[in-house]
Amino acid sequence: MKASILGRYGKQQALRPGDMPAPTPGPNDVLVRVEAAGLNMLDAKIRDGAFKPILPYKVPLVLGHDLAGTVVAVGAKVSRFKKGDAVFARPRDGRIGTFAELIAVNEADLATKPKNLSMVEAASLPLVALTAWQALVESAQVKPGQKVLIHAGSGGVGTIAIQLAKLLGATVATTTSAANADLVRALGADVVVDYRSQRFENELSGYDLVLNSQDADTLQRSLKVLKRGGKLISISGPPDPAFAKAQSLNLVLRLLFRLMSAGIRRKAKRLGVTYTFLFMRADGHQLGGIAQQVETGTLRPVIDRVYPFDQLNDAFAYIETGRAKGKVVVSLDAAHAV
Ligand SMILES: NC(=O)c1ccc[n+]([C@@H]2O[C@H](COP(=O)([O-])OP(=O)(O)OC[C@H]3O[C@@H](n4cnc5c(N)ncnc54)[C@H](OP(=O)(O)O)[C@@H]3O)[C@@H](O)[C@H]2O)c1
């Protein structure tokens, strides 16, 4: 099968087109013909080698964490999907590889594609929507009337997190640059802070939750907007001991993550707030819940650019500018046609 292959780890290492053996689905797997695949910064970080201690993938490797496509075969124990179904997914860690014609996905990671979305639109959602869901619904359990700050509201995670927080009844503030103010307001943001000209901690106070996806400085300043009992959830680090334990990481990494997060955990405790690092996981059941919200029109994907599959490296270069508004997706239509 055609695939885009990472031959060796390296910063901004180009992926090369090539052939990989087609996957053989196991009894609980669904073989999916990928029609569109979303890009995530996680793919770029794995390519650079930054995630080797946590996700030790061997090269040659097919990257890609998001897909939408059509079921071509199912394993003997699969009960929820059949050949011809339109599906979308964030395959679980250890079994990624959506930048390819075919992928075998565990049934538990899959959901039926929302009927009102194209393949490209559906492929933009799984990783970022599951991240927002696991942060706001599962971890923070956001309640109506709470105040939530979403950093980088114009980004992949932010565009969905704003909508989800509004859906949960929160008042939502977000940071972005002035050029994206209209976009985030259209998604439901009540308060927009231009991070280039304003300091968000001077504008906001008494917040129940901050979802951080930015650097250490933003993380530290985020503590100042929380009220006592508030929650700081970061998806950009530092990892904490609970994460190391949940991932069954070795003692060295457990100690390292304990040390890396000691400062922010200590400051959070002093202020009477909690700090949690979130590393999203595949979950087809939650993705099904997200699909329902999409079908009722309460959640919508935001797509910045769509690239043909053979321009995947250009698509990576674009997301790595840090300026994407919503998601970047590659379409595999032409790849299938060749
Ligand atoms: N732990 C997890 O499970 C998990 C899951 C998903 C993502 N992540 C991580 O979360 C981070 C964000 O991911 P993403 O896909 O949402 O990013 P993204 O789509 O690449 O974010 C781009 C957006 O960020 C905005 N931005 C850049 N610098 C900003 C700043 N200082 N303050 C506010 N907004 C800023 C940009 O707006 P302007 O052009 O206006 O600057 C742009 O619209 C990445 O590091 C990613 O790896 C982690």
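1. An oxygen atom of the ligand is placed 3.5 Å from an N or O atom in the side chain of Thr176. This falls under the term polar contact, a pair of N or O atoms within 3.5 Å; within protein, one atom must be able to donate a hydrogen and the other to accept it, and residues adjacent in sequence count only if both atoms are side-chain atoms. The model is a predicted one, in which local features need pLDDT of at least 70 and side-chain atom pairs count only at pLDDT 80 or more, while totals for chains, interfaces and linings use all residues. Residues are numbered from 1 along each chain as its sequence is written, and side-chain values use heavy atoms, with hydrogens and water left out.

2. An N or O atom in the side chain of Ser154 is 2.7 Å from a ligand oxygen atom, and a polar backbone atom of Ala324 is 2.6 Å from an oxygen atom of the ligand. On its own the ligand has 940 Å² of accessible area, of which the protein covers 86% (Shrake-Rupley method, 1.4 Å probe; for residues, only the protein chains shown count as cover).

3. The shell around the ligand receives two or more residues from each of α1 (41–48), α3 (126–139), α4 (156–167) and β10 (171–176). Helices (H or I, at least four residues) and strands (E, at least two) are DSSP runs, numbered from the N terminus. The ligand lies between domain 1 (2–125 + 301–336) and domain 2 (127–277), because both give residues to the shell; the domain bounds come from an automatic or database domain assignment.

4. There are 24 residues around the ligand, and those that come nearest are Ser154, Ser177, Tyr195, Met280 and Ala324 (a residue is near if one of its heavy atoms lies within 4 Å).

5. His65 is found in the loop between β4 (61–62) and β5 (67–74). His65 is buried, with a relative accessible area of 0% (buried means under 20%, exposed over 50%, partly exposed in between; 1.4 Å probe, protein chains only). The side chains of His65 and Asp43 make a polar contact at 2.6 Å. Beyond neighbours within four places in sequence, the contacts of His65 (heavy atoms within 4.5 Å) include Asn40, Ile46, Arg90 and Leu127.

6. Leu211, in strand β12 (residues 207–212), is buried as well, with a relative accessible area of 3%. Neighbours within four places in sequence aside, Leu211 is in contact with residues including Ala135, Ile150, Val157 and Ile233. The C-alpha atoms of Leu211 and Ser222, 11 residues apart along the chain, are separated by 8.9 Å.
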